[in-house]
Amino acid sequence: MDNTVDSQNSDDWRSNLFVWRGQLASQKRTLASICEGDTVLWEGSWLSSIYTDSPSPLTPDPFFTTPSEIISGDNTFQIQVICTPKGLSFDGSYMLDNGDGMESKSDIKNIMDSYTKHVYIGSGLTEFGAFVTLSCEKDGVLTVVRRYVSEKDARKGGWTEDAKDLLEASRPFSFECRADWEEVLPRIMNPPRPVKRQKTTEKKDSK
């Protein structure tokens with residue numbers, strides 16, 4: 001069932017994907033290898049992947065940042081990834097220029113669960129609104145792609161079954177360009193329409 005529609009307004013900031021990429025500073029090197037109670041430091045930077053219909057984006061493509069370029073950006077972050085019974089919890093701060101210069105910000109809530117050994121799904125909340133995330137880990141580098149969603153979006157409380165169906169349909173996972181992530185994290189996902197119940201009338205037997 002296709003339950004997605006494109007935003008008509010490309011100026012909507014939620015049209016952008018926010019790409020977080022950083023190194024996992026751990027001897028174990030993978031999130032799949034940590035146990036409950038373990039904490040792993042994740043450091044890197046994030047970039048906004050500006051939505052454009054042009055085949056030649058005007059901004060650098062954050063999906064192709066190399067490990068050596070990860071910490072070169074201004075929007076750096078330092079996050080503690082904590083393994084809890086409810087999933088992987090993210091606790092830390094990141095730098096953001098929202099028009100008044102660089103400021104340190106923190107998420108109100110951010111938690112992630114494993115989908116496969118190296119692919120994770122999650123959701124959270126910031127002062128700017130709710131978001132969902134899709135993540136991929138490879139060779140000690142964790143890439144987390146964040147999509148902010150509106151109050152009218154079905155995913156405002158986290159992943160839905162329809163969203164998980166999109167993820168399942170994308171197997172095997174490649175995620176080599178923005179289009180791969182956009183397919184699983186569409187800009188808008190409408191809530192399912194309520195099922196209309198048909199009124200039933202009972203015919204009385206006439207004698």
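**Close-up 1. Aspartate 153 and arginine 155 form a salt bridge.** This is a predicted model, where local features need pLDDT of at least 70, side-chain atom pairs count only at pLDDT 80 or more, and totals for chains, interfaces and linings use all residues. Residues are numbered from 1 along each chain as its sequence is written, and side-chain values use heavy atoms, with hydrogens and water left out. The closest N and O atoms of aspartate 153 and arginine 155 are 2.9 Å apart. A salt bridge here is a side-chain nitrogen of Lys or Arg within 4 Å of a carboxyl oxygen of Asp or Glu. Both aspartate 153 and arginine 155 are buried. Buried means under 20% relative accessible area, exposed means over 50%, and partly exposed lies in between (1.4 Å probe, protein chains only). The structure holds 9 salt bridges.

**Close-up 2. Lysine 105 forms a salt bridge with glutamate 127.** Their closest N and O atoms are 3.2 Å apart. The pair links distant parts of the chain, 22 residues apart. Lysine 105 sits in strand E6 (residues 102-105). Glutamate 127 sits in the loop between strand E8 (119-126) and strand E9 (129-138). Helices (H or I, at least four residues) and strands (E, at least two) are DSSP runs, numbered from the N terminus. Lysine 105 is buried at 15% relative accessible area, whereas glutamate 127 is exposed at 53%.

**Close-up 3. Lysine 164 forms a salt bridge with glutamate 161.** Here the closest N and O atoms are 4.0 Å apart. The two residues are separated by about one helical turn, because they are 3 residues apart in helix H1 (residues 161-169). Lysine 164 is partly exposed at 30% relative accessibility. Glutamate 161 is exposed at 54%. Elsewhere, salt bridges that share partners join Arg147, Arg178, Glu182 and Arg187 into one network.

**Close-up 4. Aromatic rings form pairs and a cluster.** Rings of Phe, Tyr and Trp (its six-membered ring) pair if their centres lie within 6.5 Å; planes under 30 degrees apart count as stacked, over 60 as edge-to-face and the rest as tilted. The count comes to 12 aromatic pairs. Phenylalanine 173 and phenylalanine 175 are stacked, at 5.5 Å centre to centre with 20° between the planes. Phenylalanine 173 is partly exposed at 24% relative accessible area, and phenylalanine 175 is buried at 10%. Ring pairs also link Trp13, Phe18, Trp20, Trp42, Trp46, Phe77, Phe90, Tyr94, Phe131 and Tyr148 into a cluster.
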